[in-house]
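Subject: Structure handover

Hi,

Here is the structure we talked about. Please load it first, then read the notes below.

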Amino acid sequence: MSNFKDFNNPQVAKLPKHLRQFIVDQHYEKYTPIDQAVWRYVMRQNYSYLKQVAYYPYIKGLQRAGLSIERIPDLQTMNDNLGKLGWGAVTVDGFIPPSAFMEYQACRVLVIAADIRQINHIEYTPAPDIIHESAGHAPIIADPDYNNYLSYFGSIGTKAMFSARDFELYEAIRNLSILKEAVDVNPLEIEKAEANLQYLAAHLGEPSEMALLSRLHWWTVEYGLIGSLDDPKIYGAGLLSSIGESASCRNKEVKKIPYTINAINFNYDITKPQPYLFVTETFQNLIDVLEQFADTMAFRRGGAESIKKAIACKNVATAVYSSGLQVTGIFTEMGIDPSGLLNFIKTTGGSALAVAGKQLEDHGKLYHKDGFSSPVGKLRGSEKALEDLPAAALKNLGIAEGERADFTFESGIHVNGQVTRILRHEEKIILIVMEDCTVRESNGNVLFQPEWGTYDMAVGEKIVSVFNGAADKDAFEENTYVSPKHTEKIVYDEATQNLHKIYAKVRLAREQQQGETELPALFKILKAEYPSDWLCAMEILEIVFHRKLFPELETEIRLYLQQKAEQETAYKKLINDGLFVIEHPVTQLITEEDL
């Protein structure tokens, strides 16, 4: 993003460059009067219903996040309020890759889809939208236990290894969500996209760390329940932002399961209501389960199995030697000795070396443009690991700057070369640089030869950690995968633009009592020209009912909506819920303890 805007929010200002590429401008002016009405309808329903079933005091949470029921939030107001809670917010274009999403979360920045759901998906949409992200995630950010879990989850998620298949699945999900929110899409296209997603989900193979972690994220952050199995409260953003599923999830038909590490075995379908949900007794239990899973991950385990995950990933990953040296690149080969210990690693293409997340000078991906390879392990005849040897012990082994060295690893890898430099970090040797160097395996296979140039040998007895992405992402200039497919920007025909004008006039009548006399004529146009509309008619009914205007019009609209609810079942719950909130205004439902 060329003109990065931080909204005077410290968390947003600290975002690294590689995450800024996903940020888009909110363009508040693009929200139509119908968009604003959709927001208001959903939020009024949430005020009315969720205060009874949400875990965190929902109204207080909304206010602390800078949200109101009346209009779609603007990003500056949200950042002003979230900043007081140690969080920030940015807008993006729909789904972003899981690894980037996790990193935003680790940075304590909410990722908010700039678009809002269409009225025909008012109850639920598989596409991320501003209702889901702001009205779902933001209100509970005020709970310190929860927001600590959220950011900690992100910090674990940024290290998760993924597979090449994960990218295919991500693209399939993104494609389907875009199609579902687009206008005038051929239903066959949606069916085809759904079938493709289901096929990929069913043929994913062994799920990657990211795939498993995404399941834990789904069953907690998105669809989590907390409390007892008999009467749990909602804290998941997917439920908090779905006026349909926030109610249906309470039904006995939706199985409630105690939340444990076993949740990683349950996949999910973003296109359908969930048949089961997981209930945690406390937020601490969420952290305990996350820790349990993290202990199985490559960034904590290291070794051969973790390098295997990096090779399967086929994307940039980082391996950390026990000396602290970090090798970043696309891993393609590894060596394992008869006992199963890792003894060699190799990357292909631009690679880099770093320590403590900072790239070593002159060891970026341009210098190591053809890849990097090095042994792993101890030297024969040395009790201590090579990285721990003091200068005198190193010299006794014939390894000193300016001298020719000849040594063999326990694995049988033999190195012979002129040592030009020995690099240390915090008293550990991390790199030995050699010229005129030959490296051979015990079977004679050549791993490096003099004509290839300078040999930079990584030093470390073990690979202690392997994680997704670069050690120093900004120095590596890592372009996290950005989908080429963008959400569809709707072009409104003349009839829809005229409908927008009607919605705008009704809002003006409600907020400023201007043009109230036009309401009968506006309803007449709605009936004649927009027979599928129900929301604008409901907003007119709200005004005339509370201000005791046009009694005959009130009766006519009420009958009109009731008949529509009976004849068109898709609208039945929406209309009945809307009528309930008109009869029981949300202001009457707010108590002092909510505020």
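A term first: helices here are DSSP runs of H or I with at least four residues, numbered from the N terminus. With that in hand, α16 is followed by K314, whose phi is positive, near 60°. Helix α16 itself covers residues 303-313. Its buried residues are A304, S306, I307, A310 and C313.

Please keep in mind that this is a predicted model.

**Overall picture**

The chain has 595 residues, and 54% of them count as buried. It holds 24 helices and 17 strands. Along the principal axes, the C-alpha atoms fill a box of roughly 100 × 50 × 45 Å. The chain exposes about 26200 Å². Carbon and sulfur atoms supply 51% of that area. Take the contacts with a separation of 6 or more: 66% of them join residues 24 or more positions apart.

**Cavities**

Rolling a probe the size of a water molecule over the atoms shows where empty space is left. The count comes to four cavities of 30 Å³ or more. Two of them are described here.

The largest cavity holds about 100 Å³ of space. Its lining is made up of A37, R40, Y41, R44, Q45, L535, M538, E539, E542, G578, V581 and I582. Three helices each supply at least two of the lining residues: α3 (33-53), α21 (535-547) and α23 (569-583). Helix α3 gives the largest share, five residues. By class, the lining has six nonpolar, two polar and four charged residues.

The second largest cavity holds about 80 Å³ of space. Its lining consists of W87, F101, Q105, V109, L110, V111, I112, E133, H137 and L150. Here α6 (98-106), β2 (109-113) and α7 (130-137) each give two or more residues. Strand β2 gives the most, with four residues. This lining divides into seven nonpolar, two polar and one charged residues.

**Salt bridges**

The structure holds 26 salt bridges. Which residues are linked in a network of salt bridges? They are R40, R44, E70, R510, E539 and E542. Among them, R40, R44, E539 and E542 also line the largest cavity.

Start with R40. Its side chain meets that of E70 in a salt bridge, at 3.0 Å from N to O. E70 lies in the loop between α4 (58-64) and α5 (75-82) and R40 in helix α3, so the pair ties together parts that are 30 residues apart in sequence. Are the two partners buried or exposed? R40 counts as buried because its relative accessibility is 4%, under the 20% limit. E70 has a relative accessible area of 23%, so E70 is partly exposed.

R40 also forms a salt bridge with E539, at 3.8 Å from N to O. This pair links distant parts of the chain. R40 sits in helix α3 and E539 in helix α21, 499 residues apart. Both R40 and E539 are buried.

R510 is another member of the network. R510 is found in helix α19, residues 494-512. Its relative accessibility is 10%, so R510 counts as buried. Leaving aside residues up to four places away in sequence, R510 touches R40, E70, E539, E542, I543 and R547. That list includes R40, E70, E539 and E542, which belong to the network too.

One more pair to look at is K564 and E568. They form a salt bridge, with the closest N and O atoms 3.3 Å apart. Why does K564 count as buried? Its relative accessibility is 4%, and buried means under 20%. E568 has 31% relative accessibility, so E568 counts as partly exposed.

**Where to look**

R40 lines the largest cavity, and R40 is part of the salt-bridge network. Then go to strand β2, which gives four residues to the lining of the second largest cavity.

Best wishes

Key
Residues are numbered from 1 along each chain as its sequence is written. This is a predicted model: local features need pLDDT of at least 70, side-chain atom pairs count only at pLDDT 80 or more; totals for chains, interfaces and linings use all residues. Side-chain values use heavy atoms; hydrogens and water are left out. On a 1 Å grid over the protein atoms alone, a cavity is a set of points where a 1.4 Å probe fits but cannot get out, and a pocket is an open set with protein on both sides within 12 Å along at least five of seven lines; lining residues have an atom within 4 Å of a point. Grid points are joined across faces, edges and corners, and a volume is the space filled by probe spheres set on the points. Ala, Val, Leu, Ile, Met, Phe, Trp, Tyr, Cys and Pro count as nonpolar, Asp, Glu, Lys and Arg as charged, and the others, Gly among them, as polar. Buried means under 20% relative accessible area, exposed over 50%, partly exposed in between (1.4 Å probe, protein chains only). Contact means heavy atoms within 4.5 Å. Accessible areas come from the Shrake-Rupley method with a 1.4 Å probe; for residues, only the protein chains shown count as cover. A salt bridge is a side-chain nitrogen of Lys or Arg within 4 Å of a carboxyl oxygen of Asp or Glu.
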